[in-house]
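Visitor: I would like to learn how to read this entry, feature by feature. Please give the general idea each time and then the case at hand.

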Amino acid sequence: MRARVFVSLKKSVLDPQGKTIYHSLRNLGYGNIQDVRQGKFFEIHLDSSLSNEEARKEVEKMAKSVLTNPVIEEFSYEMDVA
Amino acid sequence: MKFGVLIFPGSNCEHDAYHMIGKVLHQPVQFIWHQSGDLGDCDAIIVPGGFSYGDYLRTGAIARFSPVMEAVKRFASKEGLVLGICNGFQILLESGLLPGAMLKNQGLKYVCRHVHIRVESTHTPFTAACRQGEVLNIPIGHMEGNFFVDPDTLYKMERNQQVIFRYCTPQGEITKEANPNGSLANIAGICNEQRNVLGMMPHPERASEALLGSEDGLMIFKSMVGSMVHS
């Protein structure tokens, strides 16, 4: 089983990297973009012995305690059988 | 007063702190390895600057799981003095010993130069020897010093006078131009509610000898020693 975890800065937190990328893209002529937020992506392979629910619990725990700093970041994830 | 200087894989300012405490401040000092769960008989702990664990994941994020940080938490809960400098400040934030978090510098560049900071409160063991509003000339060197905290927590911190240093002009004015990294409210250093844990981005150990261009950083260590004598 594989988890794909996406971490990004909270909406309330200014993302200077995202802003810079946004302006660069605009300057290159990509006029149809409204905003860019930069984040992190983790691919986590879990033991196949875990049930779907156990795996989800484990991923959420890891994301909350290690992969994100809850003061500034939030996360989402998806599971798939790899 | 006996100082302990922590070492994590990737720390690189521990020798500067060790030298300054031993040779300039003339106080006993020892290194403490990150795997140690015991701080010995130290009266104060320095969490030094550098790039602990290569800054992987987030600055300070991995270091906080080191056995020594559990010992530091117990030490801090018993009113032990803990000073986190630069990456040490980031580790204290990730450990939850101080409120807030660090974002990348607003200019997205590593900033390495002397800055001026204003002492906002002398009511800490780290600033007791300073004058209220005194301007200190101390260098910074970091990529993630853009302090952030939610508005409610900032309000609480301001009310408790937990903001200890702010970036300022040489005359002591708090301006946008004097802020090197976009830090919220020009914050350069903060303490916890109990006032025995301080984190600061500037490096006082790099400004403790005339040879280095400034001795202003020494005030912080002298304050710590003085607090020990008086308590």
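**Reading the model**

Guide: Helices (H or I, at least four residues) and strands (E, at least two) are DSSP runs numbered from the N terminus. Axes are lines fitted to C-alpha atoms, for helices over the stretch in contact, and angles run from 0 to 180 degrees between N-to-C directions. Contact between two residues means that their C-beta atoms, placed from the backbone, lie within 7 Å.

Visitor: What should I know about the numbering and the source of the model?

Guide: Residues are numbered from 1 along each chain as its sequence is written, while chains are lettered from A and ligands numbered from 1 in the order in which they are written. The model is predicted: local features need pLDDT of at least 70, side-chain atom pairs count only at pLDDT 80 or more, and totals for chains, interfaces and linings use all residues.

Visitor: In what order do the 3 strands of the open sheet in chain A stand?

Guide: Two strands pair if DSSP finds at least two bridges between them. Here the order is E2-E1-E3, with antiparallel pairing. Strand E2 (39-45) and strand E3 (73-80) of chain A are at the edges with a single partner strand each, so one side of each has no neighbour in the sheet. Neighbouring strands are turned by 20 degrees against each other on average, direction ignored. Strand E1 (residues 2-9) of chain A is joined to E3(A) by 8 bridges, and Arg4(A) stands opposite Glu78(A) in E3(A).

Visitor: How many residues does each chain bring to the contact between A and B?

Guide: Chain A gives 7 residues and chain B gives 10 residues. The side of chain A that touches chain B has 4 nonpolar, 3 polar and no charged residues. In this scheme Ala, Val, Leu, Ile, Met, Phe, Trp, Tyr, Cys and Pro are nonpolar, Asp, Glu, Lys and Arg are charged, and the others, Gly among them, are polar.

Visitor: Which residues of helix H1 (residues 14-24) of chain B are buried?

Guide: A residue is buried if 20 or more other C-beta atoms lie within 10 Å of its own, exposed if 12 or fewer, and partly exposed in between, with C-beta atoms placed from the backbone. An α-helix has 3.6 residues a turn, so residues three or four places apart point the same way. In H1(B) the buried ones are Glu14(B), Ala17(B), Met20(B) and Ile21(B). They cover an arc of only 135 degrees around the axis, which puts them on the same side of H1(B); the arc is that of the directions from the helix axis to the C-beta atoms. His26(B), which follows H1(B), has a positive phi near 55 degrees.

Visitor: Where is Gly145(B) found?

Guide: Gly145(B) is in the loop between strand E7 (135-142) and strand E8 (146-148) of chain B. Gly145(B) is buried, with 28 other C-beta atoms within 10 Å. Leaving aside residues up to four places away in sequence, its contacts include Met102(B), Asn181(B) and Met201(B).

Visitor: What pairs with strand E6 (residues 111-119) of chain B?

Guide: E6(B) pairs with E7(B) in the antiparallel sense over 8 bridges, and Cys112(B) has Gly141(B) as its bridge partner in E7(B). Another 4 bridges join E6(B) to strand E9 (residues 163-168) of chain B, also antiparallel. Arg118(B) stands opposite Arg166(B) in E9(B).
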